[in-house]
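Please find below a short note for a colleague who is coming to this structure for the first time.

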Amino acid sequence: MITGDDLYKVMCAMVPLYFAMLVAYGSVKWCKMFTPDQCSGINRFVAVFAVPVLSFHFISLNNPYQMDTKFIVADTISKLIVLLLLSLWVIFFVKGSFDWLITLFSVATLPNTLVMGIPLLQAMYGDFTQSLMVQLVVLQCIIWYTLLLFLFEYRAATLLIQSKFPGHTAASITKFELDGDVISLDGHDMPLRTESETDDHGRIIRVRIRRSISSAPESNSSIGTAVITPRPSNLSNADIFSINTPLHALDGELPFGASPHLSGYASSDAYSLQPTPRASNFNEMETGTPVWGRSPVAGGRGCRQASPAGRVVWESPGKCLAEERHECKDITMSVPHKEISFRDSTKVPMPDEAEDPKETVISNQKMPHAFVMIRLILIVVGRKLARNPNTYSSVLGLLWSLISFKWNVEMPSLVKSSVKIISDAGLGMAMFSLGLFMALQPRIIACGTKRAVMGMVIRFLCGPLVMSASSIAIGLRQDKLHTAIVQAALPQGIVPFVFAREYGLHPDILSTGVIFGMLISLPITLLYYIFLGL
């Protein structure tokens, strides 16, 4: 039976976190104490230092040799059940789409375990829950966020191939080559260019993907090129800070040796709530005297560059501009937002019908071999993970815990104290950053009432129901069962929203889940706590 003292203990653990969020909200919304630039700097600190060090702190203190197998298996099964049900919905139902599979999987299975779960569950059920929550944090960072990133990049790769190589032309591709500065296949932030090499029969066998600001390669082969321009932003009310960070302001701030030309560096930080700077692509003029010709692949006009290699650059689809001045410019192509389906066709909403778009079917789209696609996506996912501070903090924390608990090695006091200073501020700064984010939004419910209700039902009802079913089936009982259910009812995690914003896929829904979900999560989790304690 839950007593008044139990509820007071929970409130003592959670109210300080909400107080930090309220202070940040009021300092921007009412007092105007912080500018968007200053808010961006605070969020940058949280993303690069506070949350990664907090993750390292908790993971390094957890004994990996005493993992709760049943608890982990129950959590894994619940996520796999959701993924399976969504996959069946996409495959066998007309309204199913791959886009919604990604979004609904994020909403149903990826809560804010690190920031909210550890203090809340520890106050409710005791210190043993900290170890359980840390185990889930490790799995989220290493497995589930990586899977989510894989799904986003698969979607981006599919859209890229469909726009550049429609119909059957993509089926013969045997290899993709990526320039070193390509860290995502999504053209939302920066246009991408593809250059294809064909064999003697006119079939595309190799494709090079590069950023449009990259220098053109020297090659003797026939090349097919096209450019994706950034899609019109559909972030609307999910935009976090409407500022354009100049490139010179980024000098010396990119983590892990990233180039300032790399777009998306901010979004690759798992808890970053700041926008991605857009770099200009106005330096894309091709020089030299062109000689016009016809592309053997797409039938578009092209031009032969007057270079020592005699390189042929085919511009497709479209035609080269400024023909009288003998200039050959990049051909840009607006790519509408598409919903990817597992079926043989792709749903493409009409651009002039925003609310209830009618669908146009692009049929007979062939894709490269599965091995070629997987290799391409794994390369991109690996590059993004290598630029994510949370990847390093999770791996280093796990390695240290394996060493320290195996041979009883204690962390040196100098290192331990240094980590503790930042980690102690991590929870408060994460909530403070979230308050800044909330204050800069035009609306708390950005996606509309209907979708907000749908998201809240999935987040706070469907997720816990699936988790309770898998936990009971595995054999969890009493406090461990209650812990599993309550942690599934935590508010929406921040990382899925960061990914959704970066890839332009339903960021308004995830934004509402983060903001509105945070506001109602405390009473909802208290109701679960009281109900389970009866």
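Predicted model: local features only at pLDDT ≥ 70, side-chain atom pairs only at ≥ 80, totals over all residues.

1. Among the contacts with a separation of 6 or more, 77% are between residues 24 or more positions apart.

2. In soluble globular proteins, nonpolar side chains tend to be buried together. Here the largest nonpolar core has 114 residues, and the members that touch the most others are Phe-176, Leu-185 and Ile-209. Helix H6, which spans residues 128-164, supplies the largest share of this core, with 18 residues.

3. Which residues does Phe-176 contact, once its neighbours within four places in sequence are left aside? The partners of Phe-176 are Ile-161, Val-207, Ile-209, Pro-368, Val-372, Arg-375 and Leu-376.

4. On the surface, a nonpolar patch is formed by Tyr-65, Tyr-392, Val-395, Leu-396, Leu-399, Leu-402 and Phe-405, which together have about 610 Å² of accessible area. One of these residues, Val-395, lies in helix H8, which runs over residues 389-407.

5. Why is Val-395 classed as partly exposed? The relative accessibility of Val-395 is 38%, and a residue counts as partly exposed because its value falls between the limits of 20% for buried and 50% for exposed.

Notes:
Residues numbered from 1 in each chain as written. Heavy atoms only, no water. Patch = residues over 30% accessible without salt bridge, like charges linked within 9 Å, V, L, I, M, F, W, Y side chains within 5 Å. Areas by Shrake-Rupley, 256 points an atom, 1.4 Å probe, with all protein chains shown as cover. Salt bridge = Lys/Arg side-chain N within 4 Å of Asp/Glu carboxyl O. Helix = DSSP H or I, 4+ residues; strand = E, 2+ residues; numbered from the N terminus. Buried < 20%, exposed > 50% of the residue type's maximum accessible area, 1.4 Å probe, protein only. Core = buried A, V, L, I, M, F, W, Y, C linked by side-chain atoms within 4.5 Å. Contact = heavy atoms within 4.5 Å.
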